[in-house]
Amino acid sequence: MSTMESKTTDTNSPTNVARSVAYGQSEAAGSSYNVIDAIRRGEVPEATVHPEVLKAEGVIEVERFNLWYSETKAIHDISMRVPRGSVTALIGPSGCGKSTLLRSINRMNDLVEGVRVEGGIGLNGSPIYAPSVDVISLRKRLGMVFQKPNPFPMSIFENVVYPLRIDGERRKAVLEEACEKSLRAAAIWDEVKDRLKKSALGLSGGQQQRICIARAIVADPEVLLLDEPCSALDPVATLKIEELITEISQRYTVLIVTHNMQQAARVSNYTAFMYLGRLVEYGPTATLFQNPKLIETEHYVSGRFG
Amino acid sequence: MSETQSAQPKIIHTQRRTLPSAIGEPMVWLTGGALIVCLSMIVFLIGLVVVNGSMTFWPRPIHQVTLNDGEVILGIVTEHERVPTVVSQDPQYRTLYRVGNRDLGQESFRWVDDTSIANIEIPQDAIMLEREVWGVWFGVPQSILEVQAESESIIAEGSEDVLNAYAELHRQARQRRMEVEELKKDALGAINHEMEQNRLRVRQAELESERGDEGLVRANGVVWGILILLAGSVGYVLYRFRSYGTELGSSKARQGQFIRTGCSIAIAMLVLTIWIAHPWGGNVISESELESMKLSVAQQETELLVEYEHVLESIDEIESVDSQIRMVVVEPTTGQFAPISQTLSDEPMLMSQVVRLVAANDLSTMQKAGVFTSRWVEYLTTNPREANTEGGIYPVIVGTVILTLLLTIFVTPMGVIAALYLREYAKQGIVTSLIRIAVNNLAGVPSIVYGVFGLGFFCYTLGAYVDTGASESARMNAWSWWGIFVLTGVTLMLGFTAKLWSKPDPGKAASQFNRIMQRVSWLVWVIVLILVILLVTGMPYFHGLYEARAQDGTPTFGARGMLWASLTLALLTLPVVIVATEEAIAAVPNSMREGSYGCGASKWQTMRRIVLPGALPGILTGAILAMARGAGEVAPLMLVGAVKLNQDLPISSQYPYIHADRSFMHLGFHIFDLGFQSPDSQAARPLVWTTTLLFLAIVFGLNLAAIRIRSRLRARMSGPTV
């Protein structure tokens with residue numbers, strides 16, 4: 001395993017050393033990046049987790065989780081708890097493994113050839129990587145929204161009730177009620193209530209994404225996973241989605257991956273900062289953004305690094 | 001500052017020229033010109049076919065040509081050309097007249113040198129008769145006679161009177177003829193069919209009693225009961241484990257799959273055993289049973305013969321009435337009238353022998369249009385006459401349409417299913433790439449090769465198997481057959497087990513064990529394939545579905561026919577469907593699949609609800625392309641089923657309604673036949689154009705229908721913005 005690690009992170013190669021030197025120069029504060037430098041060297045330093053997180057009740061428990069894409073290690077020994085009934089944001093530069101971590105929670109990574117995991121993730125106390133787990137029913141406990149709006153090429157109504165349809169629900173009244181409830185929760189009912197039978201592909205990007213959110217919550221998931229839900233949207237649509245996330249978080253636990261620091265600050269209660277597949281710092285959003293324990297986090301959230 | 005400025009090299013701005021080669025004007029001309037050349041060739045082709053094809057049936061004037069030597073010819077101008085053999089200063093021309101009247105022993109087309117023509121008239125009373133036999137007759141109508149046993153009376157005389165009386169009398173005469181035809185075809189045909197069936201039944205019983213049940217293993221009642229019980233209990237196990245483990249992920253999934261596939265294979269094998277070795281299979285027909293069967297058949301036959309006589313009587317009745325009404329149409333040169341038959345040249349022809357009377361020189365444009373329409377209707381709805389040079393091509397159209405539909409029905413599911421596996425289930429790697437290359441190469445194989453394969457494999461091997469079962473030399477001893485049967489089942493299970501364990505555990509990398517299992521499963525599939533071929537070719541229990549007929553030397557499926565032709569064409573067009581479907585499936589965005597998986601859908605649910613609907617327009621495009629390709633193929637059909645003449649359609653009201661074993665007529669082959677195989681090529685030539693026009697129209701029509709279906713589906717599937 002150790003050989004694999006050295007292969008994947010390639011810390012001792014001259015390019016990496018050169019890069020870290022370059023970072024140091026441009027920042028003129030290279031010496032203070034203890035944690036990041038350690039990570040760049042291929043070490044797995046202990047994550048800085050604030051006590052507030054440890055006190056909260058967790059809905060997802062990630063425990064010493066490792067993941068490989070074939071030979072490349074993407075996640076290094078991450079342990080974190082996603083508190084119940086709140087919005088938790090995963091931030092970090094591209095390739096830090098935040099999307100991979102998110103997709104590990106509903107095991108979407110199973111679809112990728114050659115993925116291998118170690119360690120575990122628990123959802124409401126049940127381990128999701130236990131050999132006896134039925135992936136299909138696991139995914140039914142989680143709702144997921146993707147980076148690019150991906151409504152199916154069918155009517156708005158059929159899109160929203162899709163998770164119920166695949167569970168074999170045929171009663172029209174049940175489907176209609178669920179559809180309306182879900183569309184209202186996704187704050188798009190008024191916009192589409194007269195065109196439910198029309199194709200969902202005719203909607204704007206922001207509307208499509210809210211349809212996808214409606215689809216994700218129609219079967220009352222235990223956790224809602226959002227994978228950069230606003231990255232393909234304009235600022236107005238982004239604002240609407242953000243309002244919606246705040247709204248939804250009163251009923252559902254939300255785990256969101258985002259590139260946008262302001263977004264994380266606006267919508268989330270907790271924020272985890274990841275770097276090169278390691279968890280760096282994890283705490284309440286307000287603390288993490290205003291008074292982080294690590295200088296790296298402070299620099300990252302203020303845009304001076306990464 | 002100034003120092004640094006002077007240190008910088010001075011940039012000299014040169015004027016960059018536009019080269020003559022940069023000017024794109026010639027390319028516009030070149031590309032546009034190429035397009036125009038292509039378009040005009042296509043327009044010319046279609047225009048030529050449409051003009052020539054549609055004008056064949058327009059009535060043209062009948063010329064009365066008086067030659068220098070006093071001979072008089074009645075005929076229609078067909079061609080006019082310069083005499084090719086004469087080389088002189090002033091060119092000589094000659095004309096080809098269609099003169100008909102073949103009963104007189106003359107050629108129905110005649111070249112006449114223009115120099116030998118003394119006079120050309122267009123007589124008002126000249127007519128052209130289209131007849132049931134012996135082609136057309138040119139002449140002048142003289143009278144309509146009613147011939148009784150002894151007396152002979154004239155109903156109408158003189159050209160005008162004859163034409164007036166003709167309409168009603170002809171209608172009646174045709175009515176009678178149709179009745180006779182129907183009686184012959186339906187009533188007599190049904191009786192003949194029944195007698196033939198009876199004969200075959202007896203023959204079959206004889207064959208079976210001769211053969212006996214010797215050497216065949218049959219289950220007795222107890223064993224059979226146990227087998228059924230066993231199948232039932234395995235079925236129950238399958239039912240209990242129907243939702244044990246799921247498709248993705250869990251380790252229980254593999255156990256579940258193992259149990260389910262194992263049970264399915266076991267049930268399939270058990271059901272086959274129960275079916276093949278059922279206890280009353282050994283009840284061979286005894287001598288006495290055979291005798292009583294023969295007796296009842298003989299009795300039925302006498303009844304049928306009586307009925308047959310009845311039908312013949314009523315036919316005679318109608319025909320005796322029919323033979324009374326005669327028509328006298330005189331040819332000018334010899335004064336000979338159109339005879340009833342070539343051997344009875346002193347008796348005038350029957351009214352009912354006339355298909356159509358065209359007084360071509362005395363027709364208004366409207367009347368000409370009427371003749372034109374009636375000829376088209378005849379062409380589209382009746383059977384061919386006179387070695388296909390006259391009459392209609394109804395069976396040809398039906399044959400072509402059914403063949404095309406059948407091949408589409410065969411090829412689409414086959415290709416779509418294969419492509420689905422190749423794209424969605426199969427692990428992408430060297431093997432799938434090789435298969436793709438092979439499929440693409442298959443598209444490049446010359447079509448005649450498929451014809452040879454179809455004839456050799458489908459007709460002579462598979463067809464013969466359907467007719468008479470395994471050949472004597474390959475037929476196995478029953479016990480060894482059952483041994484191989486069990487071996488096949490065990491091997492099949494082994495293969496599935498190896499296949500299941502060739503996939504790594506979820507979240508784990510493929511181990512050496514997995515890789516070995518992958519190889520093992522491939523090996524096992526090959527072995528299973530060989531065993532299944534052995535089982536089929538050595539089957540001792542099956543003696544064919546049409547053994548009696550095959551014994552008589554008239555194979556049913558062991559000859560060229562519709563089923564094999566459509567299967568051959570399906571094979572030929574398979575690559576088109578596979579490639580199109582694969583592309584359509586690949587074009588469904590992965591984000592759709594992910595979205596579906598994210599909602600908790602299984603792989604199959606995702607395929608059924610997201611992938612297949614999204615790929616449907618593309619799949620249909622593939623089916624349309626296959627149809628277009630298959631409809632136009634002729635070469636393989638010559639080998640596997642298309643014939644010059646077969647008026648028995650592949651579908652009929654007679655049991656079993658769809659006669660997939662029958663050979664058929666096909667437009668493409670018909671064109672070839674008319675153009676190059678016809679005994680009367682001059683008469684057939686215009687029909688080549690017409691048939692070509694029709695062929696084009698049918699292929700276009702089928703394509704258009706399919707495209708319409710696709711566009712309607714597409715409108716339903718996708719939104720307004722996509």
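**View 1. Ile295(A) and its helix.** Helices here are DSSP runs of H or I, at least four residues, numbered from the N terminus. By that count, Ile295(A) sits in helix 15 of chain A, which covers residues 295-301. This is a predicted model, so take the close-up as a prediction. Ile295(A) counts as partly exposed because 16 C-beta neighbours lie inside 10 Å, and buried would take 20 or more. Ile36(A) is 259 residues away along the chain, yet its C-alpha atom and that of Ile295(A) are separated by 9.9 Å.

**View 2. A four-stranded open sheet in chain A.** The 4 strands of this sheet come in the order 3-2-5-6, with antiparallel pairing. At the edges you'll find strand 3 (72-83) and strand 6, each pairing on one side only. Strand 2 (residues 58-69) is joined to strand 3 of chain A by 8 bridges, and Trp68(A) stands opposite Lys73(A) of strand 3. Strand 2 also pairs with strand 5 (residues 115-123) of chain A, again antiparallel and over 8 bridges. In that pairing, look for Asn66(A) opposite Glu118(A) of strand 5.

**View 3. The hairpin of strands 5 and 6 in chain A.** Strand 6 is residues 126-127, and it pairs with strand 5 in the antiparallel sense over 2 bridges. Gly122(A) has Pro127(A), in strand 6, as its bridge partner. There are 2 residues between the strands of this hairpin, and Asn124(A) takes a positive phi near 50 degrees.

**View 4. The largest nonpolar core.** This core has 164 residues. Those touching the most other members are Ala214(A), Ile217(A), Leu224(A), Leu225(A), Val254(A) and Ile256(A), plus Val577(B) from the other chain letter. Helix 14 (residues 562-587) of chain B supplies the largest share of the core, 16 residues. As background, nonpolar side chains tend to be buried together in soluble globular proteins.

**View 5. Zooming in on Val254(A).** Val254(A) is one of the core residues that touch the most other members. Leaving out residues up to four places away in sequence, Val254(A) touches Val87(A), Leu224(A), Leu226(A), Ile245(A), Ile248(A) and Ser249(A). Of these, Leu224(A) is also named among the core residues with the most contacts to other members.

View 6. For chain B, the mean pLDDT is 88, with 96% of residues at 70 or more. For the complex, the predictor gives an ipTM of 0.86 and a pTM of 0.83.

How values were computed
Residues are numbered from 1 along each chain as its sequence is written. Chains are lettered from A and ligands numbered from 1 in the order in which they are written. This is a predicted model: local features need pLDDT of at least 70, side-chain atom pairs count only at pLDDT 80 or more; totals for chains, interfaces and linings use all residues. A nonpolar core is a set of buried Ala, Val, Leu, Ile, Met, Phe, Trp, Tyr and Cys residues joined through C-beta atoms within 7 Å. A residue is buried if 20 or more other C-beta atoms lie within 10 Å of its own, exposed if 12 or fewer, and partly exposed in between; C-beta atoms are placed from the backbone. Two residues are in contact if their C-beta atoms, placed from the backbone, lie within 7 Å. Two strands pair if DSSP finds at least two bridges between them. pLDDT is the predictor's confidence in each residue, from 0 to 100.
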